[in-house]
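The sequence and structure come before the text.

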Amino acid sequence: MELVDPRGREAEVDRRLAPRRGTKEPKRIGFLSNEGEHLTGPHFPGYTRVLEDVLSERFAHLTFHREIKPVLSRPAEPDMIAQFLEYDGVINGLAK
Amino acid sequence: MTTTEREPLPLIIDPGDWPELSYKLGLTDGLPTFPPQREVVDALVAGSGLAGDESLGTLPPSGRVATVRDIAANAAMAGCLPEHMPVVLAAFDAMQAPRFNLAGVVATTHPCWPLVVVSGSAVQRLEMATGESLFSGGGARANLAIGRAIKLAIWNIGGGRPHQPVQEILGHPGRLAFCIAEAGDTPWQPFHESRGVDAPHGAVTVFACEAPQIGNPWGFSTSDNPNLGGQWLGMVADQMSARGNSNTHTMGEAMVVFTPSFARTLAEQGWTRQSIQEHLWQTARRRLGDIRLKADGSPAVDAASRYDWWPDSVDQSDPETRVPVTWSPQDIHLVVSGADSIPCAAMLPSWGHLGGFATTRALPAPLSSGGPK
């Protein structure tokens, strides 16, 4: 009996890593939060503010940018992702 | 096994080896399947009216590419017939709409899954069940095979498997197969027409929702009761606005399935599809002070407690605000089906505002009538 593999195939997409900055000192950090702030319990925007304070103390020259996805269940919109291409590092997360 | 760690599938096997091979390679969620035999898959591709190598885009969460042949292979495993293929493909086309957010539907912690609703002339043509045991296939091959094909394709191509990456907490029995058909003898226009879709050959609507929660009309006076329809709708509204479901807290869309006798009674008492939607939208509401609570049990109505996903029309500062469970009356989807015996209704809460919104596609003309048009 001859079979057909039901698993489809890998998409031919360019999945290269973003360009590395080498030894260049990072200047701009982006925070991308999957969700907004909660009344109760942890939330990632609050965590990013803590991170920003810690990083600022250690690296005074850093600047920060913060975005919250409009809908947590969807990938970030392309224009939002494009903004982060300008940054030297991006931290994305969801607090639980 | 993740989708990126794939053991090759031997392309020639002894038929008796398929069951264990399918489990060994993780090609099924646990239920037995038919082998995706070349001849069967070819027949299913032919039944689609499309070329086998035509791409249907990528399926989440894996992002692997699905062709018509790939979908047909999963449909073969599900037991589909060639005439089922246009329904399966139309369902996938609808689920690929960005508003459906299939990636989220598949991987969410919430127990929702795409319900496939077939309506119009295709229901009779495909011999779909619309009577007893509606949500468990009704004894018809088409209902379960179509639902199963969708599950298996998302499993095998999309890689939608528990834990990695599917985070669904409690699960949903409909994730095995979730397909119903609308009865042909509804007192109102067919479901797809109510959604503005002209479909002479029938239509497919996908809607991500929870398992049906049944409303049995206990405690009503049924003899000479001109208010019976409205009283039944009050029962429906109660269940639609239960605390804890996503609609009550985030709105979005919801579905209600009426049995034919339930719908006939409503229609005989003057209810139309539109008046029911409006009535349910006005009555399926929950007091804000019951929805959001502070630690001491008092209403959480301060600015910090605001839900930014609710429209501005909801006064979030007043605990007495009655909050609707859908964005609008039109977001309450009404379908007529099930056994034509005891009047019943089924409420199907959704994933709220996060996705899985009802999306409808017209079916092409059947190949027997000259092929897709």
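## Interface of chain B and chain A

In this predicted model, the contact draws 41 residues from chain B and 17 residues from chain A. Between them, chain B and chain A bury about 2,500 Å², and 58% of that lies on carbon and sulfur atoms. Arg38(B), Arg64(B) and Val65(B) supply 21% of the area that chain B buries against chain A, more than any other three residues.

Two salt bridges are found across the interface of chain B and chain A. One is formed by Arg38(B) with Glu2(A), where the closest N and O atoms are 3.4 Å apart. Polar contact, with both residues at pLDDT 80 or more, joins 14 residue pairs between chain B and chain A.

The elements of chain B below each supply at least two residues of its side that touches chain A.

| Element of chain B | Residues |
|---|---|
| α1(B) | 18-24 |
| α2(B) | 38-48 |
| β2(B) | 64-67 |
| α3(B) | 68-78 |

With five residues, α3(B) gives the most to this side. By class, the residues of the side of chain B that touches chain A are 22 nonpolar, eleven polar and eight charged.

## Helix α11 of chain B

Which residues of helix α11(B) are buried? In this helix, residues 260-268, they are Pro260(B), Ser261(B), Phe262(B), Ala263(B), Thr265(B) and Leu266(B). The cover over the buried residues of α11(B) includes the helices α9(B) (228-240) and α12(B) (273-283), together with the strands β7(B) (254-258), β10(B) (332-336) and β11(B) (345-348).

Terms used. Residues numbered from 1 in each chain as written. Chains lettered and ligands numbered in written order. Predicted model: local features only at pLDDT ≥ 70, side-chain atom pairs only at ≥ 80, totals over all residues. Heavy atoms only, no water. Contact = heavy atoms within 4.5 Å. Buried area = accessible area lost by both parts, 1.4 Å probe. Salt bridge = Lys/Arg side-chain N within 4 Å of Asp/Glu carboxyl O. Polar contact = N/O pair within 3.5 Å; in protein donor to acceptor, adjacent residues only side chain to side chain. Helix = DSSP H or I, 4+ residues; strand = E, 2+ residues; numbered from the N terminus. Nonpolar A, V, L, I, M, F, W, Y, C, P; charged D, E, K, R; others polar. Buried < 20%, exposed > 50% of the residue type's maximum accessible area, 1.4 Å probe, protein only.
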